[in-house]
Amino acid sequence: MTNSSGIEPTGVSTDYVQSLARGLSVIKAFDAENPRRTLSDVARATELTRATARRFLLTLVELGYVRTDGSVFWLTPRVLELGYSYLSSLSLPDIARPHLEALSERVHESTSVSILDDGDVVYVARVPVRRIMTVSITIGTRFPAFATSMGRVLLAGLGPADLDAYLGRVDLTPLTGRTIATPDALRAELDKIRADGYCVVDQELEEGLRSLAAPIRDRSGTVVAAVNISTQAARYEMEAVHDILVPAAVATAEAISADLARTQSQSSPHQGSSHA
């Protein structure tokens, strides 16, 4: 029970709904190369009889997923709604993961995404390349935000009141001899990050570790996470970090932000229609 659309499985259980599989195969019969098809085209592509293909097509027309001029059929934008449930269920790690993998493959370094939680960054997605730190990093690992590139990007995205509250309670104990350790110096660094759109931290969390991060924004433009590249100081001079790694991280953050915004928009496709 297979057809050219690949919808029906080779092993069919008692719970298998053949009519649903056939309906989906009709939708899948339309693609970039065949955006418009006759009844005969659809029947041939799905290996359905003309009568069966006709019933499915007319049902899809009635539901608004397909249109016809009487001789040819084509999909409508409503078919995109079929993907909304999946897209809206995607979490940030799910969205970020393929982007992190591509970034890691491109720069041959470890890549991560973190969120801010009570003054710490918390890793929610990571693609490791090699162990560059003495502390193993896994999903859920926490580091103080003030000493990390992702943390500073996230702090730079806070509103004035939230940032004041953070600086009022944080213990800026230096982790290395390079760590920024005063509120005024940290504020100045956060101002620079907002202006630049990224952050580079040079051996402030751990000696020998250089890292950089860029902000991930949601549909409203709010910074909700940060993407990071970590590398050994011996591998990249600071000039190379800025020239090679920073543009790659910024582009990845923008791509994740776009996917996140698209997912949020598609999860509520009618939101804002009253303002159109």
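How many bridges join strand S5 to strand S6, and in which sense do the two strands run? In this predicted model, S5 and S6 (residues 142-144) are joined by three bridges and run antiparallel.

A residue counts as buried when its relative accessible area is under 20%. Seven of the eight residues of S5 are buried, and the strand is therefore largely enclosed by the rest of the structure.

Another part of the model contains an open sheet of three strands, arranged in the order S1-S3-S2 with antiparallel pairing. Its edge strands are S1 (36-38) and S2 (66-68), each of which pairs on one side only. On average, neighbouring strands of this sheet are turned by 30° against each other, with direction ignored. Between S1 and S3 (residues 72-75) the antiparallel pairing extends over three bridges. Within that pairing, arginine 36 stands opposite tryptophan 74 in S3.

Two helices accompany this sheet. Helix H2, formed by residues 39-46, lies across S1 and S3 and runs at about 90° to S1. Helix H3, formed by residues 50-63, packs on the sheet and touches S2 and S3, its direction making about 105° with that of S2.

The largest pocket holds about 180 Å³ of space. Its lining includes Leu20, Ile27, Phe56, Leu60 and Tyr65. Helix H1 (18-28) and H3 are the elements that give two or more residues to this lining. Sorted by class, the lining of the pocket has eight nonpolar residues, two polar residues and no charged residues.

The structure also holds one cavity of 30 Å³ or more. The volume of the largest cavity is about 70 Å³. Eleven residues line this cavity, and those nearest its centre are Tyr123, Leu205, Ser211, Asn228 and Ser230. Two or more residues of the lining come from each of helix H6 (149-156), strand S8 and strand S9 (223-232). By class, the cavity lining has six nonpolar and five polar residues, with no charged residue.

Strand S8 (residues 209-217) is also the place of arginine 210. Is this residue buried or exposed? Because a relative accessible area under 20% defines a buried residue, arginine 210, with a value of 10%, is buried. Its contacts beyond its neighbours within four places in sequence include Val201, Ile229, Tyr236, Glu237 and Val241. Arginine 210 and glutamate 237 are 27 residues apart in sequence, while their C-alpha atoms are 9.3 Å apart in space.

Note on methods. Residues numbered from 1 in each chain as written. Predicted model: local features only at pLDDT ≥ 70, side-chain atom pairs only at ≥ 80, totals over all residues. Heavy atoms only, no water. Pairing = 2+ DSSP bridges. Helix = DSSP H or I, 4+ residues; strand = E, 2+ residues; numbered from the N terminus. Axes fitted to C-alpha atoms, helices over the stretch in contact; angles between N-to-C directions. Contact = heavy atoms within 4.5 Å. 1 Å grid on protein atoms, 1.4 Å probe; cavity = no way out; pocket = protein on both sides within 12 Å on 5 of 7 lines; lining within 4 Å. Points joined across faces, edges and corners; volume = space filled by probe spheres on them. Nonpolar A, V, L, I, M, F, W, Y, C, P; charged D, E, K, R; others polar. Buried < 20%, exposed > 50% of the residue type's maximum accessible area, 1.4 Å probe, protein only.
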